[in-house]
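Grab a pencil and work through these exercises with the structure open beside you. Try each task before you read its solution.

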Amino acid sequence: MKVAERLAALPPYLFARIEKKIEELEENNVDVISLGIGDPDLPTPPHIVQVLQEQVQNPENHRYPTSVGLMAFRRSVADWYQGRFQVEIDPSTEVVTLIGSKEGLAHISFCYLQDGDTALIPDPGYPVYGIGAALAGAENYLMPLKEENDFLPDLKNIPTDVAKNAKLMFLNYPNNPTGGTCDKSFFENVVEFAKSFDIIVCHDAAYSEITFNDYSAPSFLEIPGAKDVGIEFHSLSKTYNMTGWRLGWAAGNKDLIEALTTIKSNIDSGAFQAVQYAGIAALEGPQDCVTEVKRIYEERRQVALQGLKDLGWNISLPQGTIYLWVPVPPDFSSTEFAEQVLEKAAVVITPGIGYGKYGEGYFRISLTLDTERLHEAFSRIKKAFGSFF
Ligand SMILES: *Cc1c(COP(=O)(O)O)cnc(C)c1O
């Protein structure tokens, strides 16, 4: 059976070789430690689980939800924006519930892009932005995220003819995989750029609550005029350790929300209502679980920082996300380095090239395992390689 061209045209799965190696090692009973998984290992806080347990018993929740999502959930999203960012959101027109933000990030391209259009895609980046745009028929124009620019795209560097033809731009701060963060002035420039070229802005704020030290991430929607040009995607996945539950939302410009709701009503039929009630409990309940999650990640960051130091790296920790983005040692490609570390130390790291061509030269460490395993991972690498620099 021949797959459609749009599927055949997807980039090759770059982790296939590494996954095969992991499988081989595990078949030989080697204990592989993965620093590659972007999926929190910690459980969902019990008060959220309890609400699901209650709601799952209510037959009203056994029926189809509405595509746009429960009004009660959308209202708690609006309240959250008000409390967290002092941003006013109309829950009846400016929010749509998503089955995890990933589906929304993919579906938004189907609402606005078609053959011949251009989408502005951050590179390295979360793959769904560019893949969604390509599946919808659009050309990806890559915006390199470079360390010397604090992992922000250089908007002035986008050629005018590209900007004129671009319909949609994806952004993500705090950023996966680089850990880069931004301030409001960057978003102000984005709004101005978007207005002058008539570009829709889709900001992915999945890590807005996973920040460290004194840094607090801004919302794109805080910027005057942002709602004229874009929407923000958000997710319960990382903040409340709810990746498996599939719950997120998009908020902002009402035409974009309406278009996203229309496509969703034709493809899926919304998020399980019991899960949405659990989401309300997450957003409206006590937030000390978030403080605790950040404390745990901070502890792990310190272990990883020390581990990297012992190997010769002198990096500084990012202000957000559950990742560290680290330059590969000289004379390795990111894939070669990941393969060597796996072979010699049975530790999985993610090669930067997996997040786009400008990810080459880096690897990503995910802090989704406990400090003991992290220590073990670094001491194995140390034993196998000594120091890299
Ligand atoms: C984990 C993650 C998400 C969240 O996806 P969900 O579908 O809501 O689980 C979104 N964007 C980025 C960059 C992520 O890393």
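**Exercise 1. Work out which stretches of the chain make up domain 1 and domain 2, and what lies between them.**

Step 1. Keep in mind that this is a predicted model. The domain assignment puts residues 5-43 and 288-385 into domain 1, while domain 2 covers 46-284.

Step 2. Next, find the C-alpha centres of the two domains: they are 26 Å apart. The contact draws on 30 residues of domain 1 and 31 residues of domain 2.

Step 3. Now for the area. The size of an interface is often given as the accessible area lost when the parts come together. Here about 2,700 Å² is buried between domain 1 and domain 2, and carbon and sulfur atoms give 64% of that. On the domain 1 side, look for Q319, T321 and Y358: they lose the most area to domain 2, together 24% of what that side buries.

Step 4. Finally, check for salt bridges across the interface of domain 1 and domain 2: the count is zero.

**Exercise 2. Decide how helix α2 and helix α13 run relative to each other, and say which residues make the contact.**

Step 1. Two packed helices are described by the angle between their axes and the distance between the axes. For α2 (residues 16-27) and α13 (residues 334-345), the axes come within 11 Å and cross at roughly 0°.

Step 2. Angles under 35 degrees count as roughly parallel, so α2 is roughly parallel to α13.

Step 3. Pick out the contact residues: α2 brings R17, I18, K21, I22 and L25, and α13 brings A338, E339, L342 and E343. Sorted by class, the contact has five nonpolar, four charged and no polar residues.

Step 4. Two of these contact residues, K21 and E339, also pair up through their side chains in a salt bridge, with 3.4 Å from N to O. The partners sit 318 residues apart in the chain, K21 in α2 and E339 in α13. For the whole count, the rule gives 17 salt bridges.

**Exercise 3. Track down two cis peptide bonds, one at P124 and one at P177, plus a residue with positive phi.**

Step 1. Know what you're looking for: most residues other than glycine have a negative phi, and most peptide bonds are trans.

Step 2. Go to D123 and P124, joined by a cis peptide bond with omega of about 5°. P124 is in the loop between β3 (118-123) and α6 (128-135).

Step 3. Move on to N176 and P177, where the cis bond has an omega of about 10°. You'll find P177 in the loop between β5 (166-172) and α8 (184-197).

Step 4. Last stop: N29 isn't a glycine, yet its phi is positive, about 60°. N29 lies in the loop between α2 and β1 (33-34).

How values were computed:
Residues are numbered from 1 along each chain as its sequence is written. This is a predicted model: local features need pLDDT of at least 70, side-chain atom pairs count only at pLDDT 80 or more; totals for chains, interfaces and linings use all residues. Side-chain values use heavy atoms; hydrogens and water are left out. Axes are lines fitted to C-alpha atoms, for helices over the stretch in contact, and angles run from 0 to 180 degrees between N-to-C directions. Helices (H or I, at least four residues) and strands (E, at least two) are DSSP runs, numbered from the N terminus. Angles under 35 degrees count as roughly parallel, over 145 as roughly antiparallel, 65 to 115 as roughly perpendicular and the rest as oblique. Contact means heavy atoms within 4.5 Å. Ala, Val, Leu, Ile, Met, Phe, Trp, Tyr, Cys and Pro count as nonpolar, Asp, Glu, Lys and Arg as charged, and the others, Gly among them, as polar. Domain bounds come from an automatic or database domain assignment. Buried area is the accessible area (1.4 Å probe) that two parts lose on being put together, summed over both. A salt bridge is a side-chain nitrogen of Lys or Arg within 4 Å of a carboxyl oxygen of Asp or Glu.
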